[in-house]
Amino acid sequence: MTKAPDTVILNGRLITFDSARPYAEGLAIADGVITAVGSTTEIRALAGPSTRVIDAAGSTVLPGFIDSHVHLFGGSVELACLDLTSIKGEAQLTEVVRDWAKWNTDDQLVFAVQADYAILGDGIKTTRQALDRVLPDRPFAMYAPDHHTVWANTAALEAAGLLHGAEVEAGAQVVMGSDGLASGELQEPSAYAPVLRMTRHAGRDMMGLVTGADPVPPATLTERTLDKAALERGLKHCASHGITGLHNMDGNFYQLELLSEMERDGTLLCRTEVPFHYKSPDPLDRFSEAQEMRQRFNSDMVWCNRVKMFMDGVVESGTALMLQPYPGTDHIGDAVFEAEHFNQACIRADAMGLQIATHAIGDLAVRRTLDGYEAARRTNGARDSRHRIEHIEVLHPDDLPRFKDLGVVASIQPGHAPFGGYFPPSGVGAMLHDAQIPLSYAWADIRNSGAKVIFSTDWPVIPVDVMPTIKGAVAPLKLGAPWRDQSQSLLDTLESYTAGNAWVEFNETRKGKLKPGMMADIAVMDHNLETMDPETLNQARAAFTFCAGRMTWQA
């Protein structure tokens, strides 16, 4: 006798991404996989006395969302930090920081996140002196949304040993003031790492990004418990948005160990891939760690099969690497890797069968990344590598066709664009030449070129919330010339967030579709997304989330 399903979902508008049956009304789940897809009548007939019945009530049901670019540990920790989103002006900043400090007296460092580059006012640079006025009697620092800059007051700089400057990695900088002391601006991870060591989690949450190494000395049992509790909060938050999978963009053995322990404990609510993070000062021999990571961590819930690298910084701080100097300057940004070192790293990673994901924002950074992938292909031979470039915010026309030609995946975060709904166009627009703007944040142009496009958030740069990002892609702000319309269709956007992200992790035969035999990773929404006004898509949410057939969220 056939076993009755554990769960059935009925009366839905199923978007299956299965070409043999693009739409359906219901599905059945047993033992963590989808066992049947069909009409409500067909699926209802399969239910037994103990089967859980979910009535989708005409709402969209689709494969669980996979956010293919997140910083899970950092995003989870920051859920409990002072959030400065929408704070503007020294008076307002002072009020919220002092109030937070009053209620968090045990913190060694008063730490805030989501501080706009113009938080003190348009055209006003953030300095340690200004932050001394905000909080004069305790160390205070705050993170920019893009996580490439930290600003710190004098007390924090002194405590971190940075007031008189410091040696940092290529592409990073402790910005110095005219008085010979640090100005308060710390650009890129190796510059601000000493400040993070004073936070509640002692920087362990960002160590996979800052160094790619593990905590030294190793985390104590108390610290591991604290860190896992933060991750548990973050994973619950992700599941509440219909997310069933995550591609982490920073990694070390420590994070993999924590997530594996959570898998054993039953508290890991989203499948998570963690990369080997290769840094520019690292010798090629360090790739032996990547091999060990891949061998040790290879379950369906936690695994490593990718290397992450940085080619440059970000446009807003002038650290993104450009083909021509920024307007009014002779500065083209900062190269994190020398081209030949990067090429050799790509060749080594590709020869090991690892996927590569590289942060490249400026047009020269994108070009050098493509050059590295091309060097690997030329040396090792062509293969189905699915190498990725993350962000691609400025693109030269000559490099557009190279994505398809080289089989390179464009990993894009719609919410980062000035028309994506989160950041004002004035910030990045002032840093670009008019000729660069038409192919900036060029999602539609890249997709139309025939290249593969996938979508994500880069949480905590912007919230991990799925639907505001989907709204930003489908109905972006209309800025007018020289900005071009890069709007996406709803189905293309949903595919890039589900089946496309399953494909890019080499799991297209196992998940990303509502099809018998596929993993039961499913999002049941509270609206029919196809009938909504695109301008209101951000109002939809997940009503139920299932990962491996287990309900991980119920609204």
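Student: How many disulfides does the structure hold?
Tutor: The structure holds 0 disulfides. A disulfide here is a pair of cysteine sulfur atoms within 2.5 Å. Take Cys346: the nearest cysteine sulfur, that of Cys304, is 16 Å away.
Student: Before we go on, what kind of model is this?
Tutor: This is a predicted model, where local features need pLDDT of at least 70 and side-chain atom pairs count only at pLDDT 80 or more, while totals for chains, interfaces and linings use all residues. Residues are numbered from 1 along each chain as its sequence is written, and side-chain values use heavy atoms, with hydrogens and water left out.
Student: Back to cysteines. Is Cys346 buried or exposed?
Tutor: Cys346 is buried, at a relative accessible area of 0%. Buried means under 20% relative accessible area, exposed over 50%, and partly exposed in between, using a 1.4 Å probe and protein chains only.
Student: What about Cys547?
Tutor: Cys547 is in no disulfide either. The nearest cysteine sulfur belongs to Cys270, 6.4 Å away. Cys547 is also buried, at 4% relative accessibility.
Student: New topic. How many salt bridges are there?
Tutor: The count comes to 36 salt bridges. The rule is a side-chain nitrogen of Lys or Arg within 4 Å of a carboxyl oxygen of Asp or Glu.
Student: Which residue does Glu232 meet in a salt bridge?
Tutor: Glu232 meets Lys236, at 3.7 Å from N to O. Both are in helix α8 (residues 221-239), 4 residues apart, so about one helical turn separates them. Helices (H or I, at least four residues) and strands (E, at least two) are DSSP runs, numbered from the N terminus.
Student: Which residue pairs with Arg271?
Tutor: Asp521, in a salt bridge of 2.7 Å, N to O. This pair links distant parts of the chain, 250 residues apart. Arg271 is in strand β16 (residues 271-273), and Asp521 is in the loop between α18 (499-504) and β24 (522-525). Arg271 and Asp521 are buried.
Student: And Asp350, which residue does that one meet?
Tutor: Arg383, at 3.0 Å from N to O. Asp350 is buried at 5%, whereas Arg383 is partly exposed at 34%.
Student: Which residues are linked in a network of salt bridges?
Tutor: Arg224, Lys228, Glu257, Glu261, Asp265, Glu292 and Arg296.
Student: Which side chain of opposite charge is nearest to Asp18?
Tutor: Lys515, 4.3 Å away. Asp18 is buried yet has no salt bridge. For charge, Lys and Arg count as positive and Asp and Glu as negative; His and the chain ends are not counted.
Student: Where is Asp18, and what is Asp18 in contact with?
Tutor: Asp18 is in the loop between β2 (13-15) and β3 (23-24). Leaving aside neighbours within four places in sequence, Asp18 is in contact with Leu514 and Lys515. Contact means heavy atoms within 4.5 Å.
Student: Last one, strands. How many residues of β8 are buried?
Tutor: 6 of its 6 residues, covering 65-70. Strand β8 pairs with strand β15 (residues 243-248) in the parallel sense, over 4 bridges. Two strands pair if DSSP finds at least two bridges between them.
Student: What is the bridge partner of Asp67 in β15?
Tutor: Leu246.
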